[in-house]
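Work through the exercises below with the sequence and the structure in view. Try each task before reading its solution.

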Amino acid sequence: MTELNYAEKTTPELLDLLVAEEDRVTLAHIEELATRSDAIAPLTAWLNDEARWRARNLKPLWPLYHAFMILCLSRRSEVFDRLMQALKQAHYSYFDWLTEDSPSALSSLGVPVIAPLMEFIEAERENDDGDVTFLRANAVRVLTRLALEHPAERAGIAQFVCALFTNPEEDDAEFLALIANDALLLDRDQAALALRVAYDRDAVDISLNDEYDEMLASFDERGHIDLEFVTAPPFEFYQPDEIAARQRRWQLQADAEARRQQPAPPAPPVTLAPAGYTAGESGGLVREAKVGRNDPCPCGSGKKYKKCCGA
């Protein structure tokens, strides 16, 4: 299929196409919109639309996913607060497509959002408006990506993340378990000491992370795998193979649903067999012993055999 020349289209046309193509939008499409300054306001308005976030199916949510990704790709750090608010809305709406893909996209905003991310992590510790554990862990993941992409920032980010484990006010054991590998990826030795403090005060959820020694051994064995996960390229959602895989998935689901909606085949008629008879495969009656002339006819007519089939 020939790719459209998005540069030739107006911004309203590109925005309409963004809605129409749902999860089939291409990377070239969002890259073009990310360069359009007149797209920022309508995309932000989409993220502010509460009705969209309350949708009960994916179709109205895909434009929100694209709006978030395009604003990240625009590298406008001034939209950071709106993006973090959108992540909260996605979290409360169980829109995992966005929350799970957000760290790689947010890292596109670069060094200017490091300090705001740290402020978000600290501020949300006291948030009583729902469970924000996963959002805080996602913010740490963004910091980890930024540290790996910008080596000059790594020491400061490592110090901030490790300090979360030694802070006595940090009592979210699930959060600390989720970010343990990030701390180790940033600075293995510094993190090991900080984690020891957190484990000693029972501040790490061991149902999500092993006991201290096992956790360190596991990291040392497979840390390179975790590193590959953290540094995965952003915007994979828009790659052709990912688009094709989703379409196959939706088709399989649609086919399965169509099969479930098909009416069940009618049950075979039930033949009530009188004493001494059994129902045959064809639905008729079969005499268990030899049919006497005065016995009920096996055909089920109710007549004596000699007056019916035996006449």
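**Exercise 1.** Leaving aside its neighbours within four places in sequence, which residues is H29 in contact with? Then decide whether H29 is buried or exposed.

*Solution.* The model is a predicted one.
Step 1: find H29, which lies in helix 2.
Step 2: set aside the residues within four places of H29 in sequence; the contacts that remain are Y6, L14, L17, L18 and E21.
Step 3: take the relative accessible area of H29, which is 0%. Buried means under 20%, so H29 is buried.

**Exercise 2.** Describe how helix 8 and helix 9 pack: at what angle, and how far apart are their axes? Which residues make the contact?

*Solution.* Two packed helices are described by the angle between their axes and the distance between the axes.
Step 1: locate the pair, with helix 8 at residues 114-123 and helix 9 at residues 133-149.
Step 2: the angle is about 155°, and the axes are 9 Å apart.
Step 3: angles over 145 degrees count as roughly antiparallel, and therefore helix 8 and helix 9 are roughly antiparallel to each other.
Step 4: the crossing of these two helices is left-handed.
Step 5: helix 8 contributes I114, L117, M118, F120 and I121 to the contact, while L135, R136, A139, V140, V142, L143 and L146 come from helix 9.
Step 6: sorted by class, the contact of helix 8 with helix 9 holds 11 nonpolar residues, 1 charged residue and no polar ones.

**Exercise 3.** Where is R56 found, and how far is R56 from S93 in sequence and in space? Is R56 buried or exposed?

*Solution.* 
Step 1: R56 sits in the loop between helix 4 (50-53) and helix 5.
Step 2: R56 and S93 are separated by 37 residues in sequence, and their C-alpha atoms are 8.9 Å apart in space.
Step 3: the relative accessibility of R56 is 87%. Exposed means over 50%, so R56 counts as exposed.

How values were computed
Residues are numbered from 1 along each chain as its sequence is written. This is a predicted model: local features need pLDDT of at least 70, side-chain atom pairs count only at pLDDT 80 or more; totals for chains, interfaces and linings use all residues. Side-chain values use heavy atoms; hydrogens and water are left out. Helices (H or I, at least four residues) and strands (E, at least two) are DSSP runs, numbered from the N terminus. Buried means under 20% relative accessible area, exposed over 50%, partly exposed in between (1.4 Å probe, protein chains only). Axes are lines fitted to C-alpha atoms, for helices over the stretch in contact, and angles run from 0 to 180 degrees between N-to-C directions. Angles under 35 degrees count as roughly parallel, over 145 as roughly antiparallel, 65 to 115 as roughly perpendicular and the rest as oblique. A crossing is left-handed if the near helix is turned anticlockwise from the far one by less than a right angle, and right-handed if clockwise. Contact means heavy atoms within 4.5 Å. Ala, Val, Leu, Ile, Met, Phe, Trp, Tyr, Cys and Pro count as nonpolar, Asp, Glu, Lys and Arg as charged, and the others, Gly among them, as polar.
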